[in-house]
Amino acid sequence: MLFSAEGSLALTALSHLIFFDAVSATICVVVDVLSNFEVWKRSSIRHPFGLERTEVLAGFAMSVFLLFMGFDLMSHNLKHVLEGMGSHTPHHPHSHQRVSPGSVDSAAVLSIVATLISAYGLKNHARIGKAMRFAVISSLPSVLSNPSHFLTLSCSAIMLLLPLLTITVYLWLDRLLCAVIAISMFVLGVRLAMTQGLMLLMSYSGEGVSDVMREIHKDPMIVQVEEARFWQVHYGLCMANLKLRVRGDDASLVKLRERLNVLVKNRLGGGYGKGGGVKWEVTTQFTIDK
């Protein structure tokens, strides 16, 4: 697609998106193959949570790659705009000819088909989609609620309209669509880098922690919350570590431990992907207040 994209900045931007999806799909296939081996999930002294965090590291590298591709598209778009405005330059600006309608239509249709196969067949970006939600598109169907699939499908659908426009409108819409894709890739790359960077730093970026802490403080058996840490190990595992000063007998403390376990899993595990494979492990340490 990249070699046939000359004459259309939007088609060039779409080729960058497809390339990102292809590399991400390759990583997903490698991860799915490695997850069949016991060493992938077995903990060791060197890798306490197995090798699953390797996927997070690969995803972080892909988010940085996405940022660079967004910058590259922005520079290409700005270069074409300046060349069109710079009549004082000694050389002639590039002639922006309309790309053939067949090239645009076939590329857009193939992009839509490839994205749907990647989403439904390979489950590409599925784990990343659970870890990163945009409120604007979260209510859309499963494929469109994934920001990466939404960006590729929406841009491919808009590109089907390009051959129907006049040459003047085509040039401006082509540049505008390239700019939108570049900015979207940059925003998506920043969001991915932040989400996966927090995982690598053993932190948790999801919502609902404040609600959980509010419920914990309301419990009459809990005198003081000495320490509360919520962190995400990888796409499939989160942990909550609570250190509490409490009052009560042994039987009531057992029930309190169960209530806290259910509270965290219902508030964070239920909303965080709606039970879509994210496991929460809760550890509580009680100090009896006398």
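**Figure 1. Helix H5 in the predicted model.** Helix H5 covers residues 147–159. Its 13 residues should span 18 Å at 1.5 Å a residue. The end C-alpha atoms are 18 Å apart, so the span agrees with expectation. The model shown here, as in every panel, is predicted.

Figure 2. The structure holds 0 disulfides. A disulfide is a covalent bond between the sulfur atoms of two cysteines. The cut-off for a disulfide is 2.5 Å between the sulfur atoms.

Figure 3. The structure holds 5 aromatic pairs. One of them joins Phe71 and Phe186, whose ring centres are 5.2 Å apart. Their planes meet at 65°, so the pair is edge-to-face. Phe71 sits in helix H2 (residues 53–85) and Phe186 in helix H6 (residues 167–200).

Figure 4. Tyr204 and Trp280 form an edge-to-face pair. Their centres lie 5.2 Å from each other, with 80° between the planes. Tyr204 lies in the loop between H6 and helix H7 (209–218), while Trp280 belongs to strand S3 (residues 279–288). The pair therefore ties together parts that are 76 residues apart in sequence. Both Tyr204 and Trp280 are buried. Ring pairs bring in Phe230 as well, linking Tyr204, Phe230 and Trp280 into a cluster.

**Figure 5. A charge over a ring.** Which ring lies under the charged end of Arg175? That ring belongs to Trp172. The charged end of Arg175 sits over it, 5.3 Å from the ring centre.

**Figure 6. The hairpin of S1 and S2.** Strand S1 (residues 222–234) and strand S2 (residues 237–246) run antiparallel, joined by 10 bridges. A hairpin of 2 residues connects S1 to S2. Glu227 stands opposite Lys243 in S2. Trp231 stands opposite Met239, also in S2. In a regular strand the side chains alternate between the two faces of the sheet. S2 is mostly covered, with 7 of its 10 residues buried.

**Figure 7. Strand S3 alongside S2.** How do S2 and S3 pair, parallel or antiparallel? They pair in the parallel sense, over 10 bridges. Leu237 stands opposite Lys279 in S3. S3 also carries Trp280, the partner of Tyr204.

**Figure 8. Helix H8 and its cover.** Helix H8 (residues 250–269) has 20 residues. From first C-alpha to last, H8 reaches 27 Å, close to the 28 Å expected at 1.5 Å a residue. Its buried residues are Ser252, Leu253, Leu256, Leu260, Leu263, Val264, Leu268 and Gly269. What covers the buried residues of H8? The cover includes H7, S1, S2 and S3.

**Figure 9. The whole chain.** The secondary structure comes to 8 helices and 3 strands. From the N terminus on, the elements run α-α-α-α-α-α-α-β-β-α-β. Of the 290 residues, 40% count as buried. Among contacts with a separation of 6 or more, 73% come from residues 24 or more positions apart.

Notes
Residues numbered from 1 in each chain as written. Predicted model: local features only at pLDDT ≥ 70, side-chain atom pairs only at ≥ 80, totals over all residues. Heavy atoms only, no water. Pairing = 2+ DSSP bridges. Helix = DSSP H or I, 4+ residues; strand = E, 2+ residues; numbered from the N terminus. Phe/Tyr/Trp six-rings, centres within 6.5 Å; stacked < 30°, edge-to-face > 60°. Buried < 20%, exposed > 50% of the residue type's maximum accessible area, 1.4 Å probe, protein only. Lys NZ or Arg CZ within 6 Å of the ring centre and 35° of its normal. Expected span 1.5 Å × (residues − 1). Contact = heavy atoms within 4.5 Å.
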